[in-house]
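The following note concerns the pockets of this structure and the surroundings of its ligand. It is arranged as numbered points for a colleague's review.

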Amino acid sequence: MTTARDFINGIWTEAGDDGIEMFDPATGEMIGTAPRSGKAEIDAAVAAAKAAFPAWSETPAPKRGELLFRAAQIMERRKEELGRLVTREMGKVKDEALGDVQEAIDMAYYIAGEGRRLYGHTTPSELPNKICMTLREPIGVCGLITPWNFPVAIPSWKSLPALICGNTVVIKPSEETGGCAAAYVECLEAAGLPKGVVNIVNGTGEEAGDALVKHPDVHVISMTGSNETGRLVSKNCAEALKHLHVELGGKNGIIVLDDADLDFAVQAILWSAYGTSGQRCTAGSRIIVQAGVYDELVEKLAAGAKAQKIGHGWEDGVNVGPVVRPSAIEKIERYIKIGVEEDGARLVAGGKRPEMTGELAGGWYFEPTVFADVTPNMRIAQEEIFGPVTAVIKVQDLDEAIQVHNGTPYGLSGAIITKDLAASMKAMRALKTGIVYLHNGTIGAEVHLPFGGIKATGNGHREAGIAGIDFYSELKTVYIDYSGGLQRAQIDT
Ligand code: UN1
């Protein structure tokens with residue numbers, strides 16, 4: 001299996017004796033080490049990316065697209081192997097691990113096609129015999145800081161739009177999932193990307209991440225992770241006026257109105273709340289339910305949560321795998337205590353570590369948990385837990401549901417389940433999030449649409465879709481005056 005390695009200027013390097021230990025969350029067993037790289041390796045990787053930039057940025061974009069198309073085909077052939085690696089390094093269940101890889105394949109096919117578009121605008125001038133247009137230009141070396149929860153998909157979301165626009169990249173993957181990043185980059189390498197165009201440097205955020213963010217030759221930073229890290233990275237980028245995209249936390253709400261099909265609603269909630277063991281920034285962590293169906297929904301949801309099959313992610317039929325590391329369990333347990341003791345919410349399902357046997361006894365599992373009778377300002381309804389925990393809140397009507405929904409610092413994904421078209425349309429406009437789902441839960445973004453949040457979730461940029469291309473290209477505005485004389489804008493009419 002592919003191991004976590006650095007990839008600098010086309011050369012793979014394994015961890016030394018001081019490598020960062022990596023574990024299988026399903027068993028707690030140590031599975032390898034990631035290089036503990038830092039400033040020296042970042043310097044080398046950025047130098048390689050900078051040296052590769054002129055030739056790569058001058059390669060016609062359709063040709064760049066052809067290489068990325070080939071990378072998509074290679075990933076397709078290696079899909080199962082990459083999926084297994086995802087489960088092994090971060091624990092998610094088989095279908096989702098394969099979905100993670102599929103998201104990268106989708107992104108590669110989509111972005112390959114964009115190589116033949118990369119559209120600018122043409123527009124009339126206010127003056128005769130003059131035309132105006134915009135061109136897209138690459139920016140330079142991009143530093144990409146990627147999380148463990150989508151260890152193949154998110155490196156692809158960030159690197160592929162950057163590459164099609166003609167940039168070169170240095171990826172700093174999470175310490176947990178360096179093998180997934182390496183396997184993904186192996187596919188790009190095998191597709192024929194020139195050396196130096198894509199590089200990987202492993203290591204901690206404090207060392208490798210910090211050196212990448214502060215490097216003067218890195219012009220663009222895109223980071224997905226915690227709010228705390230996002231703020232720090234933002235400050236450091238501000239100093240050098242770098243282009244910056246941050247994608248941070250969420251506290252996503254699903255509204256269920258009285259007329260909803262409750263069996264469907266429960267399915268959608270279970271998938272949103274417990275998919276990836278609740279470790280998605282889009283996870284449905286607040287369920288906002290109209291009074292008429294509240295009791296029935298709580299009962300069905302609790303039953304559904306208890307019926308989830310917990311186990312090794314690669315085992316068929318399991319729908320909730322482990323969480324990523326022991327400190328994640330500790331954080332979830334702190335919130336269970338807060339929910340019960342400080343907040344006074346009612347625990348109706350889960351709330352503890354399950355009894356696991358055999359080799360899974362050493363793994364990091366937590367039961368799918370439902371809190372009922374949660375009020376909007378409780379900490380468990382405001383703070384991101386990043387585990388299989390959801391909080392059910394009772395409301396009287398749609399207006400109150402929207403108000404509660406919008407009453408957190410975050411704004412990533414929101415959802416409403418109702419048969420009432422007018423209520424859906426009203427929610428579509430009123431939910432203060434970057435992504436809205438009508439008649440579904442809060443997860444399931446597709447690669448050709450913009451992904452990202454408002455308020456404390458982000459800084460106004462989006463990734464994926466054309467929005468991703470906007471972020472990784474600089475617009476150049478071109479005026480062409482063929483009148484043969486001097487025509488002054490705003491003056492000669
Ligand atoms: C994330 O949790 O960081 O829509 C990304 C979804 C996935 C991506 C989530 N396609 O839930």
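1. Domain bounds, as used in this note, come from an automatic or database domain assignment. With these bounds, the lining of the largest pocket draws at least three residues from domain 1 (2-248 + 458-478) and at least three from domain 2 (252-438). The model is a predicted one.

2. The space in the largest pocket amounts to about 1200 Å³. Its lining consists of 41 residues, and those nearest the centre are Trp148, Gly225, Ser226, Thr229 and Arg325.

3. Helix H8 provides the largest share, with 6 residues. In terms of class, the lining of the largest pocket comprises 16 nonpolar, 14 polar and 11 charged residues.

4. For the second largest pocket, the volume is about 380 Å³. Lining this pocket are 25 residues, among which Glu103, Phe150, Arg280, Gly444 and Ala445 are the closest to its centre. Two or more residues of the lining come from each of helix H4 (94-114) and helix H5 (153-164); the largest share, 6 residues, belongs to H4.

5. The lining of the second largest pocket divides by class into 10 nonpolar, 6 polar and 9 charged residues.

6. Which residues surround the ligand? They are Glu103, Asn149, Phe150, Ile154, Trp157, Arg280, Cys281, Thr282, Ile443, Gly444, Ala445 and Phe451. Glu103, Phe150, Arg280, Gly444 and Ala445, named above as the residues closest to the centre of the second largest pocket, are included in this set around the ligand.

7. Polar atom pairs between protein and ligand involve both side-chain and backbone atoms. Glu103 places a polar side-chain atom 3.0 Å from a nitrogen atom of the ligand. Asn149 has a polar side-chain atom at 3.4 Å from an oxygen atom of the ligand. At Gly444 a polar backbone atom takes part, 3.0 Å from an oxygen atom of the ligand. The ligand taken alone exposes 320 Å², of which the protein buries 99%.

How values were computed
Residues numbered from 1 in each chain as written. Predicted model: local features only at pLDDT ≥ 70, side-chain atom pairs only at ≥ 80, totals over all residues. Heavy atoms only, no water. 1 Å grid on protein atoms, 1.4 Å probe; cavity = no way out; pocket = protein on both sides within 12 Å on 5 of 7 lines; lining within 4 Å. Points joined across faces, edges and corners; volume = space filled by probe spheres on them. Helix = DSSP H or I, 4+ residues; strand = E, 2+ residues; numbered from the N terminus. Nonpolar A, V, L, I, M, F, W, Y, C, P; charged D, E, K, R; others polar. Near = heavy atom within 4 Å. Polar contact = N/O pair within 3.5 Å; in protein donor to acceptor, adjacent residues only side chain to side chain. Areas by Shrake-Rupley, 256 points an atom, 1.4 Å probe, with all protein chains shown as cover.
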